[in-house]
Amino acid sequence: DRPVGVRKAAGAALEELAEPSDVRRLIHLIEAPENKLLRSALQDALVAACRRTTPESRAIRRVQRAYRRGESAVQVCLLHVLGRLGTQESLRTVTSPFYGPDSALRNAAIRLLGGWPDASCDDVLAHIAETTSDDIHRVLAVRGLVRALALERDLSDADKLALIRRGMSAAKRPEDRKLVLSALGQVDSLGALEMCGEGIGDPEL
């Protein structure tokens, strides 16, 4: 095995040099079992190559095809690539494994959704928070929803308030309910004031 420092340096160089024409080759390298220790660096390079592709959606579709045929460890790696690209097209793929049988993919999916680069995942996170039976996933979904709402620029105050109410209903822990209530500062409406009043009446808050 190569020393860790050498692998990191090689990975950084690969990321810097990756071109759109390298997307297919990088996917094949990620899929190769003998490269499992290099997957993190290859992942960085693949993200860079995809971002340099015009249109980016062409590279994303290639990654999605590889994701669908890959074994679990490869799928997790490619899911991270799609999550980091953070497009509407990649959002559908990142969301899909959450209701599947693979726990590694579910865990990767919820963490990627919680750190999504824009607010396009807010409804998805609200739905996960409402429906999951996993306490950790619920907490991550609620936190991700609050984060997404802070990034939201297009929703009306009424729609924001509806999402906040969904998050509040889903949150089980007092600290999570307090976090959801903090999002009311982004809503300028009578409904937000009323919801604040409801929170004041809750002894746990």
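Mentor: Let us begin with Thr53, whose side chain reaches the backbone oxygen of Ala49 at 2.8 Å. This is a predicted model, in which local features need pLDDT of at least 70, side-chain atom pairs count only at pLDDT 80 or more, and totals for chains, interfaces and linings use all residues. Residues are numbered from 1 along each chain as its sequence is written, and side-chain values use heavy atoms, with hydrogens and water left out.

Trainee: Why is Thr53 called buried?

Mentor: Thr53 has 6% relative accessibility. Buried means under 20% relative accessible area, exposed over 50%, and partly exposed in between (1.4 Å probe, protein chains only). Therefore Thr53 counts as buried.

Trainee: Which residues does Thr53 touch, leaving aside those up to four places away in sequence?

Mentor: Thr53 touches Pro20, Val23, Arg58 and Ala59, where contact means heavy atoms within 4.5 Å.

Trainee: What makes H10 roughly antiparallel to H11?

Mentor: The axes of helix H10 (residues 157–170) and helix H11 (residues 174–182) come within 9 Å and cross at roughly 175°. Axes are lines fitted to C-alpha atoms, for helices over the stretch in contact, and angles run from 0 to 180 degrees between N-to-C directions. Angles under 35 degrees count as roughly parallel, over 145 as roughly antiparallel, 65 to 115 as roughly perpendicular and the rest as oblique. H10 is therefore roughly antiparallel to H11.

Trainee: Which residues meet there?

Mentor: Ile164, Gly167 and Met168 in H10 meet Arg177, Val180 and Leu181 in H11. Helices are DSSP runs (H or I, at least four residues), numbered from the N terminus.

Methods:
A polar contact is a pair of N or O atoms within 3.5 Å; within protein, one must be able to donate a hydrogen and the other to accept it, and residues adjacent in sequence count only if both atoms are side-chain atoms. Helices (H or I, at least four residues) and strands (E, at least two) are DSSP runs, numbered from the N terminus.
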